[in-house]
Amino acid sequence: MPLVLLLGLAVLWSTGCYQSASGQEATSVTAPVMADQATVIPTATPVYVIPEVIVLSVETPVAVTATPEPTPEPVATPWAVATTEATTTATATPVATATAEPTAIPLPTGSPFSASQLLDALAQRGVDYELSELRSECLGEASGAHRYASERGPDFTLWVYPGGDALKADWVLPSSGAASPRISGCEVDGGWVYWNENVLLAFEPQQPWIEAASLRQTIVNAFLSLSR
């Protein structure tokens, strides 16, 4: 081995060995003779042999090539499949059609009294009447000539005039007895006819009112109690 050879040469060199690195013996020197003929032991002159520098063969390290890690193959990203949403068909909400209520007939007005004042006076006495139908053949100059109905008794007719003079133009008002109409074609069935300034009340037809004397009197009292 080259390393063992190098170590051997070093040992020989240190002990004064006269052999060269090639193995040949060094030339001996004849010992000189002294004057007393004594033999002088020659002293060997050391010859220093400089060993050749032996260059050890250093193996060139083989470059370790890093094995490249396998590049992961790209995983194909799956395309998102669009889910078709079910189209909801909007169901039209039926619009409730409001049933048109019949337009209420406005109560006739006049001065100083109106139909509403008589109905309020009757309600205070526990009697409920409401406007029923127009008597067009007996309207004359009145702002209203209507029948009024109730579940408690027969109908009566009420004329409402703009003022007292208009009432007198349509009716004969004697000092005693029932009033009678001047209106052409107007007939009043009954003898119970009452007036108060610009309003006139007739209980007709007369026959049903014969048996409703108490109710008739209540209505008369409410009618005559109207005041400014």
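Which strand holds Thr157? Thr157 sits in strand S3, which covers residues 156-160. Strands here are DSSP runs of E with at least two residues, helices are runs of H or I with at least four, and both are numbered from the N terminus. Keep in mind that this is a predicted model, where local features need pLDDT of at least 70, side-chain atom pairs count only at pLDDT 80 or more, and totals for chains, interfaces and linings use all residues. Residues are numbered from 1 along each chain as its sequence is written, and side-chain values use heavy atoms, with hydrogens and water left out.

**Around Thr157**

With a relative accessible area of 0%, Thr157 is buried. Buried stands for under 20% relative accessible area, exposed for over 50%, and partly exposed for what falls in between (1.4 Å probe, protein chains only). Setting aside neighbours within four places in sequence, Thr157 touches Arg135, His146, Arg147, Leu200, Leu201, Ala202 and Glu204; a contact here is heavy atoms within 4.5 Å.

**Salt bridges**

The whole structure has four salt bridges, each being a side-chain nitrogen of Lys or Arg within 4 Å of a carboxyl oxygen of Asp or Glu. Among them are these:

| Pair | N to O distance |
|---|---|
| Glu133 and Arg147 | 3.5 Å |
| Glu204 and Arg135 | 2.0 Å |
| Glu197 and Arg228 | 2.5 Å |

Take Glu204 and Arg135, which form a salt bridge. Glu204 is in the loop between strand S7 (199-202) and helix H4 (206-210), and Arg135 is in the loop between S1 and S2, so the pair ties together parts 69 residues apart in sequence. Both Glu204 and Arg135 are buried. Glu137 comes in too: Arg135, Glu137 and Glu204 are linked in a network of salt bridges.

Next, the salt bridge of Glu133 and Arg147. Glu133 is partly exposed at 43% relative accessibility, while Arg147 is buried at 18%.

Then there's the salt bridge of Glu197 and Arg228. Glu197 is in the loop between strand S6 (193-196) and S7, and Arg228 is in the segment after helix H5 (213-224), 31 residues apart. Glu197 counts as partly exposed at 30% relative accessibility, whereas Arg228 is exposed at 76%.
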